[in-house]
Amino acid sequence: MQLPLDEASQEVCTINTHKGLLRYTRLPFGVSPAVGIFQRRMDCLLQGITSTACFIDDLIITGKDDSSHLNSLEQVLEKLSQSGLRCKLEKCQFMQTSVSYFGHRIDADGLHPIKDKVEAIVSAPAPKDATQLRSFLGMVNYYGKFLPNLSQVLAPLHLLLREQHRWNWGAAQNAAFEKCKALLSSAPVLAHFDPSEDLLLECDASPYGLGAVISHRIDGAVRPVAFASRTLHDAEKNYSQLEKEALAVVFAVKKFNAYLFGRPFLLVSGHKPLLGLLAENKVVPALASGRIQRWALLLSGYNYRMVHRAGASLLCADALSRLPLPDKPATVPKLAELVMLMDHLDDGPVTAAQIRGLTRRDPTLARALHFTQIGWPERVSDDLLPYSKRAAELSVQDGCLLWGARVVVPVGARAALLQVLHQGHAGASRMKTLARGYFWWPGLDSEIENLAKACSDCQELQNAPAPSPMLAWPWPDRPWSRVHIDYAGPVSGKMLLVVVDAHSKWLDVHVVTSATSAVTIQKLRSSFATHGLPDVLVSDNGPNLVSEEMSDFLRKNGIQHVRVAPYHPASNGLAERAVQTLKRSLEKQREGSLEDKVARFLLSYRVTPHATTGVAPCELLMGRRLCTLLDRARPDLGARVQRKQSQLKEHHDCKARFRTFETGDAVLARDFGANGGRWKPARVVGAAGPASYLCGFDGDDRVVRRHVDHVRGGPEQPRPTGAGVTDGATDAKAAPEPEAAMPAVDQPPNLAAPGDPKIDGSLRRSSRVRRPPERLSYG
């Protein structure tokens, strides 16, 4: 009583004495939660100190040597001093080579049973009834971890505890009783558990018990740490041998969870098929029983490596499993999915009881059931091969053989179950899916397929087979070589003849009131007149397209008529797709007549790049793009150039003068020869263009062509007389000669050809009245 209580706790710890009501101020051990509270306080207090354990008020401190032992002891005493706890010196033992703790003697060699405790068992008299026998076995079981073959020794005593067995203490029971006492007197030493050493867990199962041994491998030798075993429940005895071996693994892992969880260990089993289900690198098959799947999920939380070792080498585990302790679970939970399976079969024509009886009478299934319970041999007959291959997944439930969650059906019940499967005339795939959730037998899938094929009603209404691979039409190498035609409609009471070019995807649509052969030929003549005669025409088998009249028309024009397979429009897919596109476009247009809608659709379709060719149909057929409203939004390069030239001319002409000269006029012209472009007297010989003249220099026989900008009026000189030559020169504005970047301009109206007698050589002046400028006066 060293833990102080607060005021609230003291009120509930009030006792009634002869001196009145008194309150405990410290925690008494008589209170129900006192033990748990004190244990939790001690665990928190001593956590982090190595080589130290505490059970309520019993402390044990050890170490590898004196130095580590004294260090741990000093830390414990310091913790106790800081917390206000005290130890009674008379009850303390220091520097002991061995101590007694929880009925065991612990020393450097390992764990031993205490002789005084064992003496009480060795001196015990023989039991007189089952109650005394259970008490004796309870005392023995406390030291069961020291006795690896205890189950074998106690087997005769276990028989007396069975309900159907009468009490009869005979020589076999007395010998087992005495041998058990002798084993306790010479019990082996169990090794100390060391987390740094390798862990080895051996498991084995027999038809009536489970056994397990956890050991350390130290310096090449295997030293046991603890033994464990138990008897199988009545329901567990019906498990297959595979499931019993898996149950032994699960029992061992749960029993030694404190040693194994969070640490790697080697799991050794004597049943090799178990490696295919529970090995660390295996995925549990989907058809494994629900029990196996749950156990695999449990083992996935441990870090283990599973290996197989023959049962003859698993001496301890094998002995413990064959002679287990009488401990067994009170109940074994049934698998819900199997219960549901049995209920479903009870509702049908075949019940679980019938399958159980037929299984016992079936020679093949009876042997498979027997081998599933006791273990499969290495070699079996051919009729058992399908079952031996699935031995790791077979189990027994209520006398029925199960593969995973599916009942293995004997021969006598298979036909009835197949009829139940096909009651709704389901297909083979659906029947297989349904059967895989309930039952199985070798060759079930092939029998289901034969049943579906043999049903005449199913075959008459069978779905179409998978479509054949697509055969694409060859792409013609030139336009309008092969055309596809088809009718669309009725649309607004009219029919639409669709003609498609296979090369360019060009589309022609003709609106007709009736789709007769004569009308079709008339519209085809119109298309052929525009684009020419095709080589091949592809159509379906409509009466108007295969008539004698249509055949004569095509034959006379040398056109090959290809008709696609009946009731298979995909063969004329180009025309069918064009019809679908046309109908959708017409449905979306709300305004205009049918002819207007078709015209709008055709213009849009013909200028849009096709998804197959990537080029607009008009470009492939006509070699050019059609002009649409979209082209109006694109800038015009020619108009831009003309506008720019007009701007340049206007800017240039703002400082220019219009000048003209006549033949014989004395002028100054630039001499680009020896004079380097200086002005030199010359006379106009004639006009060389709208803005250029032929000039002859004075004193020189050369006649050169000069632009009007390189000619200016000179001093008046006597001009030579002659026919067509007049005196005087005209100095007026002249239009510039057109260049590559400037458009040509018309000649002025007064420009006359040289030698024209109507030209007046007198000098003309302006006759307008000149007025002086009006100036503002501020005076």
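Predicted model: local features only at pLDDT ≥ 70, side-chain atom pairs only at ≥ 80, totals over all residues.
Strands β8 and β11 pair in the parallel sense, over 4 bridges. On to the next pairing. β11 also pairs with β12, again in the parallel sense, over 5 bridges. There, Ser 269 stands opposite His 308 of β12.

Stay with β11. This strand is mostly covered, with 5 of its 5 residues buried. Phe 265, Leu 267 and Ser 269 point one way. Leu 266 and Val 268 point the other way. In a regular strand, side chains alternate between the two faces of the sheet. In β11, the residues pointing either way are all buried.

The largest nonpolar core has 36 residues. Leu 201 and Leu 260 have the most contacts inside it. Several elements each supply at least two residues of this core, including the strands β8 (198-205), β9 (209-218), β10 (221-231), β11 (265-269) and β12 (304-308). Helices contribute on the same terms, among them α8 (241-255), α10 (275-278) and α11 (290-299). The largest share, 9 residues, comes from α8. In soluble globular proteins, nonpolar side chains tend to be buried together.

Leu 201 shows how the pieces meet. Leaving aside neighbours within four places in sequence, Leu 201 is in contact with Phe 265, Leu 266, Leu 267 and Val 268, among others. Its contacts also include Val 213, Ile 214, Ala 252, Val 253, Phe 256 and Leu 260.

Helix α8 also holds Glu 245. Is Glu 245 buried or exposed? Its relative accessibility is 4%, so Glu 245 counts as buried; the cut-off for buried is under 20%. What does Glu 245 touch, not counting residues up to four places away in sequence? The list is Asp 204, Ala 205, Ser 269, His 271 and Leu 274. Ser 269 is the residue that stands opposite His 308.

A second, separate core has 24 residues. Val 499, Leu 524, Leu 621 and Leu 626 are among them.

Elsewhere, 4 strands form an open sheet with mixed pairing. Their order is β13-β14-β15-β16. The edge strands are β13 (394-397) and β16 (439-440), and each pairs on one side only. Strands β14 (residues 400-403) and β15 (residues 406-408) run antiparallel, joined by 2 bridges. In one of these strands, β15, Arg 406 is the bridge partner of Trp 403.

Key: Residues numbered from 1 in each chain as written. Heavy atoms only, no water. Core = buried A, V, L, I, M, F, W, Y, C linked by side-chain atoms within 4.5 Å. Buried < 20%, exposed > 50% of the residue type's maximum accessible area, 1.4 Å probe, protein only. Contact = heavy atoms within 4.5 Å. Pairing = 2+ DSSP bridges.
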